[in-house]
Amino acid sequence: MHKSSFFAEVNKMFDHAAKYTEHDSGLLEQIKSCNSVYHLSFPLVRDNGEIDVIHAYRAEHSQHMQPTKGGIRYAPMVNADEVMALAALMSYKCAIVDVPYGGAKGGICIDRNKYSQSELERITRRYTFELAKKNFIGPGIDVPAPDYGTSSVEMSWIFDTYRSVTDNPLDALACVTGKPVGAGGVRGRIEATGRGVFFGIREACSIEEDMHALGLSSGIEGKRVIIQGLGNVGYHTALYLERAGAIIVGIAEYDGGLYNSKGLILNEIVDHRKETKSILNFPGATNVKNSATLLEMECDILVPAALENQIRSDNADRIQAKIVAEASNGPVTSAAGQSMTERGILIIPDVYLNAGGVTVSYFEWLRNLSHVRHGRISRRREAHNAVNILKTVQALVGKNFDDQVLSDIESGSSFGASEADLVDSGLEDTMVSAYHEIHTEAHSHDVDLRTGAFISAIDKIALGYSRGGIFP
């Protein structure tokens, strides 16, 4: 059986949705094409003196909006096709949630567990230097972020390296997002993708008509959930679902999984993993030797939060979940998605659902360019106005408020939103608005949510090209 490439899978979804638009065929071809792919290789002198040749990539899919934006992953299977596919998904994702970026993606072909911290730093800095030489990074050019196998640590190395070679050090902070809070990052970025996944699932479950069609009640509470992948995204998705009253019945990791129909307590599993280096053999839960088997077990919501192509034609007919929430990129192939949709399974597509990370990255980028922390100006002004109002009320009613109350408000400690509050509010509003937009698009064309999401993305990107004068 021929296996389609990841980029080909994304383009199949694009082509299916494009049939419902009225754009010129040439414009559609330009939108789905990947503009630039850079494959680089460089030597690494390892701590023991041996030399490795490191292969790395950066793809910029679309410059209909600038800069381009996308994560950098460290994984052994990174290749040109993968970064092209992920860059394309980033273009569509940004368009769906109205974040003004083109899509990009990068990766370094390594197993990070086989390299020391100092070796990883040298790899990251050299990669950044090579990108800078080719004009593949910069606040107004291409802005990386964390992805699979990377974190705020690597992002801080990227920033520091870029700052040392740029002729615009004032805006260098905005060359990368997902940085530590003390180095220009924003509060809420670490949990942003998982938080966004939660908001998307919550919104889908709030539509009573859709839940009734699945034989479910509306709302999150009481729904049985299986999570595949307990990394950053999977963990935070599970955390917020659990807090909202969902029951986590299964967790799948690379070395196997756990299942308990009565529910698992997430942080107890995490503590167990810290102690034993594995989620397996947790007291009161059943080990599942093959983690892929957990995808096929009965639940209300299945959340694939690992890598792509986890649900394919060969296992799609065994999926028993009523809702599949794609927290990772490309976990369901186009054929598998069509098969499950025909069976009545609601798929909340990755191209919308995991947009929380890039949404909050946008907030960080704006903050870095403005050189002002979110809420820093308005919060004090609002607090000052509140004090004046309270003093006026005191004079009118003849009642004095407690001095401590006035002091707290004047200092801003009990008034106004913190940066974390503002970020979370912006993320929630973005995910809620975008869900109803793609839901409306899907219903108006009588198609599934994924197709509705791609239709929305295509229309917005086409408008972006038109506004830019590329196509009159």
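This is a short tour of the structure above, stop by stop.

Before you start selecting, note that this is a predicted model, in which local features need pLDDT of at least 70 and side-chain atom pairs count only at pLDDT 80 or more, while totals for chains, interfaces and linings use all residues. Residues are numbered from 1 along each chain as its sequence is written, and side-chain values use heavy atoms, with hydrogens and water left out.

**Stop 1: the cores**

Select Tyr92 and Ile201. Within the largest nonpolar core, which has 98 residues, these two touch the most other members. A nonpolar core here is a set of buried Ala, Val, Leu, Ile, Met, Phe, Trp, Tyr and Cys residues joined through side-chain atoms within 4.5 Å. Buried means under 20% relative accessible area, exposed means over 50%, and partly exposed lies in between (1.4 Å probe, protein chains only). Helix α3 gives the most to this core, with 12 residues. Helices (H or I, at least four residues) and strands (E, at least two) are DSSP runs, numbered from the N terminus.

Now show what surrounds Ile201. Leaving aside residues up to four places away in sequence, its contacts (heavy atoms within 4.5 Å) include Ile220, Leu241, Ile301 and Val303. Then look for a second, separate core of 25 residues, with Ala56, Leu120, Tyr127 and Ile158 among them.

**Stop 2: aromatic rings**

Rings of Phe, Tyr and Trp (its six-membered ring) pair if their centres lie within 6.5 Å; planes under 30 degrees apart count as stacked, over 60 as edge-to-face and the rest as tilted. The count comes to 10 aromatic pairs. Begin with Tyr38 and Phe136, a tilted pair with 5.3 Å from centre to centre and 45° between the planes. Tyr38 belongs to strand β1 (residues 36–45) and Phe136 to the loop between α4 (117–133) and β5 (142–146), so this pair ties together parts 98 residues apart in sequence. Are these two buried or exposed? Tyr38 is buried at 14% relative accessibility, and Phe136 is buried at 11%.

Next, pick Tyr101 and Tyr362, which form an edge-to-face pair, 5.7 Å centre to centre with 90° between the planes. Tyr101 is in the loop between α3 (80–96) and β4 (102–108), while Tyr362 is in helix α13 (residues 356–370), 261 residues apart. Both tyrosines are buried.

**Stop 3: salt bridges**

A salt bridge is a side-chain nitrogen of Lys or Arg within 4 Å of a carboxyl oxygen of Asp or Glu. The count comes to 29 salt bridges. Select Asp142 and Arg58, whose side chains meet in one of them at 2.7 Å, N to O. Asp142 lies in strand β5 and Arg58 in strand β2 (residues 51–60), 84 residues apart. Asp142 is buried at 0% relative accessibility, and Arg58 is buried at 0% too.

Move on to Arg318 and Glu296, whose closest N and O atoms are 3.1 Å apart in a salt bridge. Here Arg318 is partly exposed at 41% relative accessibility, whereas Glu296 is buried at 18%.

To finish, select Arg73, Glu82, Lys105, Asp147 and Glu308, which salt bridges with shared partners join into one network.
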